Amino acid sequence: MGDKIGVFVCHCGINISSIVDVKKLTEYAKTLDGVIVSKDYKYMCSDVGANLIKDSIKKHKLNGVVIACCSPRMHEHTFRGVVEAGGMNAFNLEIANIREQCSWVHEDKVRAIEKAISLVRGAVAKARLLEPLQRSKISVTPEALVVGGGIAGIQAALDLADKGHNVYLVEKTPSIGGRMAQLDKTFPTLDCSGCILTPKMMEVKNNPNIELLTYSEVVEIDGSIGNYNVKIKKKARFVDVDKCTGCGDCVTSCRMKGHVDSEFDMNMGKTSAIYMPFPQAVPLKCTIDPDSCLMITKGKCGKEPLCVEACEANAIDFKQKDEEIEVKIGAIIVATGYDLMDPTSLYEYGYARSKDVITTLEMERLISSSGPTSGEILRPSNGEKPKSITFVLCVGSRDETQCTWCCRIGCMSALKQVYLLKEKLGDDIEMNVTYTDVRSFGKGYEEFYRNIRGMKTNFFRGRPSEIRNKDDHLTIDIFDTITNKLFEISTELVVLVPALVPRADADEFARLLRISQSADGFLLEAHPKLRPMDTFTGGVFIAGCCQGPKDIQDSVAQASGAASRAANILSKKELESEPLVSYVDEDYCSGCGTCVLVCPYTAIELIKEKDGTTHAKVNEALCMGCGACVASCLSGAMQQRGFKDNQLISMVDETI
Amino acid sequence: MIDSKDLDPNFKYEVAAEIGGANINRCFACGTCTAGCPVREIDEKYNPRKIIRMVLLGMRERVLKSDFIWLCSTCYTCYDRCPQDVQLTSIMTALKNIAAREGYIHPSFKEQARLVSKFGRLYEIEDFDNKKREKLGLPPIKKNFDDITKITKDTLPKGVIQ
């Protein structure tokens, strides 16, 4: 029990001391029961401050320390290390938050010192009752799961594999490559997207440390940092991947050939019911679409399925079933990417009313030489070359009624397409760009924008009010806010640059992983500046556009960062677990099971003893110390270390 | 030249405090409102984007004394299409209300108010009208509008009807 307590009051520069009279607080603390030393210092988190604490612990043989400073979220970890270095148990430390909860939120100095005094009094009361705790060890499974096979997932998997860890790379579609595989060229360097991506895809395929699970989905996750159990569903391709050579004979022979929308081509082109998403797919294996294959939907396909006839390798297997596998891993990297907003919701832009109103990603497939038109730019309505193209930026982005955020890639991807289209169609093609602001923030972006400005391109600063069909073309009302004039643009092809939105299944996936989302639906990082790849769930990291819109460069950087963060865990044999977890007093527990129901980490189970009694039992490795079970326990049998009822009640009594 | 010292930095808050005015600070001057405005199409003087910018800059007198705040046809196109949900139509109403309270009312509105107050509608009913109605088998319209006159007397701001 803490009967030799030291109180240390931090000025935090002037963050605290300009409002709270720190000298008065320090003197007051000396009058409290059990406090034998009380000191103040300008920066308690500095070396000098830390030494002050350590020396006091040694000199006065302290068994309890209260630090009145910033939020425990900032420096509790630091100070646990400090008191431990001073020779005291790290968990006999209590923080009184007199910055965020006092000096930063109050202006009245008289009442602020009153509040600071009561916060310190409460903290000392708790410190008197704190008990020394020991951290326990958890073994670590040194393997990783990467969810999402776009450029971020590929980079993260390669980095972890390079560090010597086994990686399961799970991709929902039949091939890795993600959005980047759909692009023709990348801004601002105009690197061919495929040329820089496919070597990495091949590396994934050839790396012995990576087990590639395409056309697969994560269906269940349990466990905790260092030791997760993951169930993965391998969807039936109806093609034996060991036999399939990727020759594509089945695709050309299929009865549904030319009748099935190609998802990879953003439905701009048609494919067969058995398909290869793109020529450089990894793995280079065909997949049967169960929604359009006649054998699967109708049970028959002519006399015999033509793909079976065409396949010399005998790879087609209509009996194939979904398979479920279970893997054990120590860390997870989520890189599930983004969707484009469906512009149909902006009725006035006419996306649903005209075939000649398309999105940037659809245009990307038209530009791509492996796309549905083999790289020819043709109007979807009549298959002719357009004489005029208009880009509309910020469609749904920076829009309080749609997506409030900036998509970060829209301006640059539109400028890039302007360049590529000029290259294909000549500088004389009429090109219009309507923009709200051009945000060319990255390295080399502004220079790229400058070059486009030098081409024959009309930049209108404003947002179109409406896009209308008129005869065989489209008209756009736009008010150029710089010349203060209304313009009517007549154009043959409109490219909308839609907002980037979270994947349609982001909510479901976040729940599965027990990670949070920000208000916009993207996955939430633990700290926007200092922990941008971490989540609040230990051992789960995020990379790429699932966390928020970003370009390829930033996605790759974040992926490497996430891999490095994950390797911090995977490279250790053992992790230390926080002892601030819950435990059951079995004598008081009636075995009602309420705690089992409320636990979000499935860390509690009911145990039936031989004498017929039941009681709850906490798996301390799984417990995250959220306290839900303690709050729900009817008998008080469930307690949390470091936050026991008697400690908290005494703290509350003294505080108020 | 406008002296920046003549700007009233509180004007936007004054507008924001009016019913429907709250979102005025969101405007990022994209011009979607003006691009779709049917009034602007026939009269260059009316430019909703410019009015909002003038309010945000604090050009209080110029806005309230101007003719153009009275030109909005309340078609709600700008309201519907504004990406920042500025709710322009409501702001135009708010501006008219402030202007009216300060005695700046466009003469055409004063005339309309006078007519409504006097005749209960925007035009006078004469014997000729009721005779025509009688021929068509319709009941006559009454010519006594004391109740309306009373309502307008109690509700219209001072100075609207001389």
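Is Leu119(A) buried or exposed, and how many other C-beta atoms lie within 10 Å?

Guide: The model is a predicted one, and the values below are computed from it. Leu119(A) is buried, because 23 other C-beta atoms lie within 10 Å, where 20 or more are required for that class. The residue belongs to helix 5 of chain A, which comprises residues 109-129. Not counting residues up to four places away in sequence, Leu119(A) touches Ala96(A), Asn97(A), Ile98(A), Gln101(A), Cys102(A) and Thr655(A).

Chain A has 656 residues, of which 48% count as buried. Its secondary structure consists of 19 helices and 34 strands. Along the principal axes, the C-alpha trace of chain A spans about 90 × 70 × 40 Å. Contacts in chain A between residues at least 6 apart in sequence join residues at least 24 apart in 70% of cases.

The domain assignment divides chain A into five entries: domain 1 (5-135), domain 2 (144-235 + 322-337 + 503-570), domain 3 (249-310), domain 4 (339-501) and domain 5 (581-640). The centres of domain 4 and domain 5 of chain A, taken over C-alpha atoms, are 58 Å apart.

The largest nonpolar core has 137 residues, and the members that touch the most others are Ala156(A), Ala157(A) and Ile333(A). For Ala156(A), not counting residues up to four places away in sequence, the residues touched are Val146(A), Ile333(A), Ala335(A), Ala543(A), Ala559(A), Ala562(A) and Ala563(A). A second, separate core has 49 residues, among them Cys12(A), Ala29(A), Cys70(A) and Val83(A).

Phe187(A) and Pro188(A) are joined by a cis peptide bond, with omega about -5°. Pro188(A) is placed in the loop between strand 8 (185-186) and strand 9 (191-192) of chain A. A cis peptide bond also runs from Val282(A) to Pro283(A), with omega near 0°. The loop that holds Pro283(A) lies between strand 15 (274-275) and strand 16 (287-288) of chain A.

Positive phi values are found in residues other than glycine as well. Lys61(A) is not a glycine, yet has a positive phi of about 50°. Lys61(A) is located in the loop between helix 2 (47-60) and strand 3 (64-69) of chain A. Ser374(A) occupies the loop between helix 12 (360-367) and strand 21 (388-395) of chain A. Ser374(A) is exposed because it has 10 C-beta neighbours inside 10 Å.

The account now turns to the partner chain. The contact between the chains takes 16 residues from chain A and 15 residues from chain B. On the side of chain B that touches chain A, helix 2 (residues 32-35) of chain B gives the most, with 3 residues. By class, that side of chain B has 5 nonpolar, 5 polar and 5 charged residues.

The domain assignment of chain B gives domain 1 (4-101) and domain 2 (107-155). Their C-alpha centres lie 33 Å apart. Two packed helices are described by the angle between their axes and the distance between the axes. Helix 8 (residues 107-119) of chain B and helix 10 (residues 146-155) of chain B pack at an angle of about 140°, and their axes are 6 Å apart. Helix 8 of chain B and helix 10 of chain B are therefore classed as oblique to each other, because angles over 145 degrees are needed to count as roughly antiparallel. In this packing, Ala113(B), Val116(B), Ser117(B) and Lys118(B) of helix 8 of chain B meet Ile148(B), Thr149(B) and Thr152(B) of helix 10 of chain B. By class, the contact between helix 8 and helix 10 of chain B has 3 nonpolar, 3 polar and 1 charged residues.

Note on methods: Residues are numbered from 1 along each chain as its sequence is written. Chains are lettered from A and ligands numbered from 1 in the order in which they are written. This is a predicted model: local features need pLDDT of at least 70, side-chain atom pairs count only at pLDDT 80 or more; totals for chains, interfaces and linings use all residues. Two residues are in contact if their C-beta atoms, placed from the backbone, lie within 7 Å. Helices (H or I, at least four residues) and strands (E, at least two) are DSSP runs, numbered from the N terminus. Ala, Val, Leu, Ile, Met, Phe, Trp, Tyr, Cys and Pro count as nonpolar, Asp, Glu, Lys and Arg as charged, and the others, Gly among them, as polar. Axes are lines fitted to C-alpha atoms, for helices over the stretch in contact, and angles run from 0 to 180 degrees between N-to-C directions. Angles under 35 degrees count as roughly parallel, over 145 as roughly antiparallel, 65 to 115 as roughly perpendicular and the rest as oblique. Domain bounds come from an automatic or database domain assignment. A residue is buried if 20 or more other C-beta atoms lie within 10 Å of its own, exposed if 12 or fewer, and partly exposed in between; C-beta atoms are placed from the backbone. A nonpolar core is a set of buried Ala, Val, Leu, Ile, Met, Phe, Trp, Tyr and Cys residues joined through C-beta atoms within 7 Å.
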